[in-house]
Amino acid sequence: MVNIAVMGHGVVGSGVVEVFYKNKASIEKKAGTQMDIKYILDLRDFPELSYHDKFIKDFEKIIADDSIKVVVEVMGGIHPAYDYAVRCLKNKKSVVTSNKELVATKGAELLRLAKENDVNFLFEASVGGGIPIIRPLHQCLGANDIYEIAGILNGTTNFILTKMIREQMHFEDALALAQKLGYAERDPSADIDGLDACRKICILASLAFGEHVYPNEVYTEGIRQITREDVEYAANWGGAIKLIGSAKVVDGGKLDVMVAPRFVPSSQQLSSVDDVFNAILVRGDATGDVVFYGKGAGKLPTASAVVADIIDAVRANGTIGSLWWQDTGKGQVIAHENSVSAYYVRVMCGDIQAQFHISSLFGNVDYLSRMNKPVDEYAFITHALSEAEMDECVQKLAGWGFKVLGKVRIFEE
């Protein structure tokens with residue numbers, strides 16, 4: 001008999017218990033042993049639940065109980081989740097988590113502790129909810145040299161952008177609808193400012209490239225500034241705007257990691273991923289492009305990934321060697337100003353020399369159009385520029401009397 005402890009009984013934690021007991025027979029068959037949830041750590045009481053007798057408020061009971069082999073951390077945040085995870089690993093208890101903030105900031109240390117104690121730190125549910133991506137990266141795609149990962153990693157922002165595209169909603173109205181439907185929190189900052197996507201691309205980049213990428217190293221830009229006009233120009237260009245988290249190998253072996261809205265061409269699968277769905281594109285030297293698609297959040301999809309990790313932890317004979325990255329301290333992420341991409345730019349200027357000024361800065365550009373475009377509005381696609389070069393061009397435009405209304409990077413196929 002393998003006993004499990006679950007720390008946290010919120011949306012995901014309650015989902016883990018529900019999935020575990022609903023499918024207990026098949027889960028035990030896959031794990032090859034009998035299993036049970038012995039403790040559920042939460043400050044609240046749930047007398048109405050059939051398993052109310054499993055609730056405890058003292059973490060020390062979990063540490064002191066040698067029969068607990070796997071601890072599920074679904075509390076969220078860094079503290080006390082980090083401290084509890086460290087103590088569990090040091091006491092030779094595998095830890096399974098859905099906590100993307102914990103994995104993105106402390107992953108290298110927790111993986112090292114798991115290895116030192118011959119147990120596992122597993123986190124399939126931290127990226128993509130129920131979409132399998134962590135396991136495929138370190139197992140199924142293990143024969144590849146992966147050189148780029150890019151994805152729609154946040155369902156809330158994707159829902160908002162979909163409403164702006166399909167129903168011509170303004171950003172504020174689409175956000176209000178997302179909140180009404182429960183897709184966005186009352187404070188939606190983590191989603192619409194790109195912080196959630198940043199943590200997820202850090203986890204994927206760390207695993208794919210073997211060195212810890214920290215969120216504070218990654219330039220992150222959300223979707224607050226995206227307008228309905230930008231969406232219309234993207235359609236005219238032949239694509240859609242998506243919030244993309246990306247990580248790729250650049251010259252010298254360093255990494256270009258970023259979260260930002262991008263124009264994605266309709267020829268690329270990511271452009272057609274709508275509503276609350278996520279999609280993750282992995283580019284390997286042997287497989288080429290592989291896309292993982294599905295609901296990136298939700299109680300049961302996320303719980304499904306957590307329970308799958310519980311099975312892996314129970315079945316594992318020691319630490320899973322392929323699930324690993326380290327903190328080398330080398331600073332593998334390039335400076336933001338050195339990142340290169342083509343851009344969509346939208347400006348307003350009444351000067352009859354406007355197009356001359358644009359050409360003098362950017363050379364040949366591709367102009368875009370939309371319905372009811374003001375005569376003094378110009379939208380165009382540039383050639384590839386570094387972030388530093390683009391910032392300099394924007395400053396010059398402003399100095400010449402241009403009002404810069406929008407600037408979005410182009411997703412490179």
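The radius of gyration is taken over C-alpha atoms, and the globule rule sets it at 2.2 Å times the number of residues to the power 0.38. For the 413 residues of this protein chain the rule gives a value near 22 Å for a compact globule, and the chain has 23 Å, which agrees. The model described here is a predicted one.

**Overall form**

Along the principal axes, the C-alpha atoms of the protein chain fill a box of roughly 80 × 50 × 35 Å. The chain contains 14 helices and 18 strands. Of its 413 residues, 54% count as buried. Among contacts with a separation of 6 or more, 73% are made by residues 24 or more positions apart. The chain carries 43 positive and 54 negative charges, whose mean positions lie 5 Å apart.

**The parallel sheet**

An open sheet is formed by 6 strands in the order S3-S2-S1-S4-S5-S6, with parallel pairing. Strand S3 (55-56) and S6 stand at its edges with a single partner strand each, so one side of each has no neighbour in the sheet. S6 is paired with strand S5 (residues 94-97) in the parallel sense, over 2 bridges. In this pairing, valine 96 stands opposite leucine 122 in S6.

**Strand S7 and its partners**

Strand S7 (residues 146-152) is largely enclosed by the rest of the structure, because 6 of its 7 residues are buried. S7 runs antiparallel to strand S11 (residues 277-284), to which 6 bridges join it. Within S11, valine 282 is the bridge partner of isoleucine 149. S7 also runs antiparallel to strand S9 (residues 239-249), here with 4 bridges. The bridge partner of glycine 151 in S9 is glycine 245.

**Isoleucine 133**

Isoleucine 133 is located in the loop between strand S6 (121-122) and helix H6 (134-140). Buried means under 20% relative accessible area; isoleucine 133, at 0% relative accessibility, therefore counts as buried. Leaving aside residues up to four places away in sequence, isoleucine 133 touches Glu124, Val127, Leu204, Ile280, Val282 and Phe292. Isoleucine 133 and tryptophan 325 are 192 residues apart in sequence, and their C-alpha atoms are 16 Å apart in space.

**Backbone geometry in the loops**

Most residues other than glycine have a negative phi, and most peptide bonds are trans. The table lists departures from these patterns.

| Site | Backbone feature | Value |
|---|---|---|
| Histidine 79 and proline 80 | cis peptide bond | omega about 10 degrees |
| Lysine 92 | positive phi | near 60 degrees |
| Aspartate 275 | positive phi | near 55 degrees |

Proline 80 is found in the loop between strand S4 (68-73) and helix H4 (81-90). Lysine 92 has its place in the loop between H4 and S5. Aspartate 275 belongs to the loop between strand S10 (255-265) and S11. With 24% relative accessibility, aspartate 275 counts as partly exposed.

Key: Residues numbered from 1 in each chain as written. Predicted model: local features only at pLDDT ≥ 70, side-chain atom pairs only at ≥ 80, totals over all residues. Heavy atoms only, no water. Buried < 20%, exposed > 50% of the residue type's maximum accessible area, 1.4 Å probe, protein only. Contact = heavy atoms within 4.5 Å. Lys, Arg positive; Asp, Glu negative; His and termini not counted. Charge placed at Lys NZ, Arg CZ, Asp CG, Glu CD. Pairing = 2+ DSSP bridges.
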